Amino acid sequence: MVTTEIADKIKRLEEKYAAMGQDLSSYLDGLLYADYLTYWDYIQLDVLLNLQHPRTPIPDENIFIIYHQITELYFKLTLQAIEQVCQAPVLTADLFKTQLKRINNYFRNLINSFEIMVDGMDKQQFLQFRMALLPASGFQSGQFRKIEICSTGLVNLVYEQQRVGLNGKELSEVLDNIYWRSGATELATGKKTLTLRQFEQKYMHEFLFLAERYRDNNMQLRYKQLPPEVQQEVMPLLKEYDLNINVKWPLMHYKSAVRYLNRKPEDIAATGGTNWQQYLPPRHKRIVFFPEIWTEEELENWGKLAFE
């Protein structure tokens with residue numbers, strides 16, 4: 001029996017497909033012959049479980065791979081949330097708060113789960129399989145760099161002492177001075193590592209395009225466009241966003257590096273040759289997305305605010 005409700009829906013479907021020059025009957029045939037959707041097909045489970053390709057037979061390498069894959073998926077969700085804020089034709093307080101809460105939840109989950117990397121692998125197994133990963137490095141996460149670029153004015157991603165004269169310069173020149181480039185130099189010679197050269201070759205054009213796209217509507221500028229009362233409303237969420245990405249997340253990496261790479265009398269180099277001792281601690285680089293929302297004292301203590 002065709003109810004009035006079903007008849008109405010059929011009529012609306014006919015109108016929908018007629019507007020596309022299509023025949024509803026053909027689509028109904030497709031529904032009749034289509035198999036039921038399953039969970040494993042919908043999330044591509046078989047593909048997902050076969051995306052791990054260790055370079056060695058050492059068991060804990062799988063932990064290393066899977067956790068980094070999970071991290072990149074959270075980064076993808078973060079970029080989607082940023083896009084919704086920065087590209088919104090009309091930015092409301094509710095939209096801003098909703099997306100900030102999502103981003104903070106993503107990073108909170110990452111930060112709280114990083115013990116999987118800190119204590120979740122056997123140290124000796126890591127030191128064995130790490131040499132098979134050269135010159136790959138988590139430093140080469142293009143998505144994380146995109147999160148940074150979309151979050152703030154590009155000049156804020158330059159070390160403070162190097163910013164003089166960069167305001168008003170071409171974005172390509174500012175990008176040439178971005179802080180992380182100095183984090184992947186050879187410890188002995190100061191030359192670019194292969195890790196950095198590979199990374200720049202793959203991503204620098206993308207980064208420049210993204211910087212141009214978000215020049216006038218990054219997260220920092222969208223915050224400044226809000227009315228003062230709304231700025232006060234979202235500020236706690238924005239502070240958590242800044243701390244999560246620029247303090248807590250790198251501190252967890254530093255903690256992991258100390259666990260696996262710190263050995264007396266000298267530290268072990270990271271797989272990509274990055275100078276992690278200087279590059280990872282937030283107090284050394286003091287990158288801040290929203291300097292206008294922090295006091296001078298808070299900025300002076302940047303890196304010490306992590307878990308207050």
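Mentor: Let us begin with surface patches, which are made of residues with over 30% relative accessible area and no salt bridge, where like charges are joined within 9 Å and nonpolar side chains (Val, Leu, Ile, Met, Phe, Trp, Tyr) within 5 Å. A salt bridge, in turn, is a side-chain nitrogen of Lys or Arg within 4 Å of a carboxyl oxygen of Asp or Glu, and accessible areas come from the Shrake-Rupley method with a 1.4 Å probe, only the protein chains shown counting as cover for residues. Please keep in mind that this is a predicted model, in which local features need pLDDT of at least 70 and side-chain atom pairs count only at pLDDT 80 or more, while totals for chains, interfaces and linings use all residues. Residues are numbered from 1 along each chain as its sequence is written, and side-chain values use heavy atoms, with hydrogens and water left out.

Trainee: Which residues form the nonpolar patch on the surface?

Mentor: The nonpolar patch is formed by Leu37, Tyr39, Trp40, Tyr42 and Ile43, which together have about 650 Å² of accessible area. Trp40 belongs to helix H3, and helices (H or I, at least four residues) and strands (E, at least two) are DSSP runs, numbered from the N terminus. Trp40 is partly exposed, with a relative accessible area of 48%, because buried means under 20%, exposed means over 50%, and partly exposed is what lies in between (1.4 Å probe, protein chains only).

Trainee: Which residues form the negative surface patch?

Mentor: For charges, Lys and Arg count as positive and Asp and Glu as negative, while His and the chain ends are not counted; the place of a charge is taken as NZ of Lys, CZ of Arg, CG of Asp or CD of Glu. Here Glu14, Glu15, Asp23 and Asp29 form the negative patch. Glu14 sits in helix H1 and, at a relative accessible area of 44%, is partly exposed.

Trainee: How many residues does helix H1 have, and what span does it reach?

Mentor: The expected span of a helix is 1.5 Å times one less than its number of residues. Helix H1 covers residues 4-19, which is 16 residues, and from its first C-alpha to its last it reaches 23 Å, close to the expected 22 Å. After H1 comes Gly21, with a positive phi near 70 degrees.

Trainee: How many helices and strands does the protein have?

Mentor: The secondary structure comes to 16 helices and 0 strands. Along the principal axes, the C-alpha atoms fill a box of roughly 80 × 55 × 35 Å, and 44% of the 308 residues count as buried.

Trainee: Where is Gln44 found, and what is its phi?

Mentor: Gln44 is a residue other than glycine with a positive phi, near 55 degrees. Its place is the loop between helix H3 (39-42) and helix H4 (45-48), and with a relative accessible area of 45% Gln44 is partly exposed.

Trainee: Is the peptide bond from Leu134 to Pro135 cis or trans?

Mentor: The bond from Leu134 to Pro135 is cis, with omega near -5 degrees, and Pro135 lies in the loop between helix H8 (123-129) and helix H9 (142-151).

Trainee: Which residues do salt bridges that share partners join into one network?

Mentor: Let us take the pairs in turn. Asp176 forms a salt bridge with Arg181, their closest N and O atoms being 3.1 Å apart; Asp176 is partly exposed at 48% relative accessible area, whereas Arg181 is buried at 15%. Lys192 and Glu200 also meet in a salt bridge, at 2.9 Å, N to O, and here Lys192 is partly exposed at 39%, while Glu200 counts as buried at 11%. Salt bridges that share partners join Asp176, Arg181, Lys192 and Glu200 into one network.
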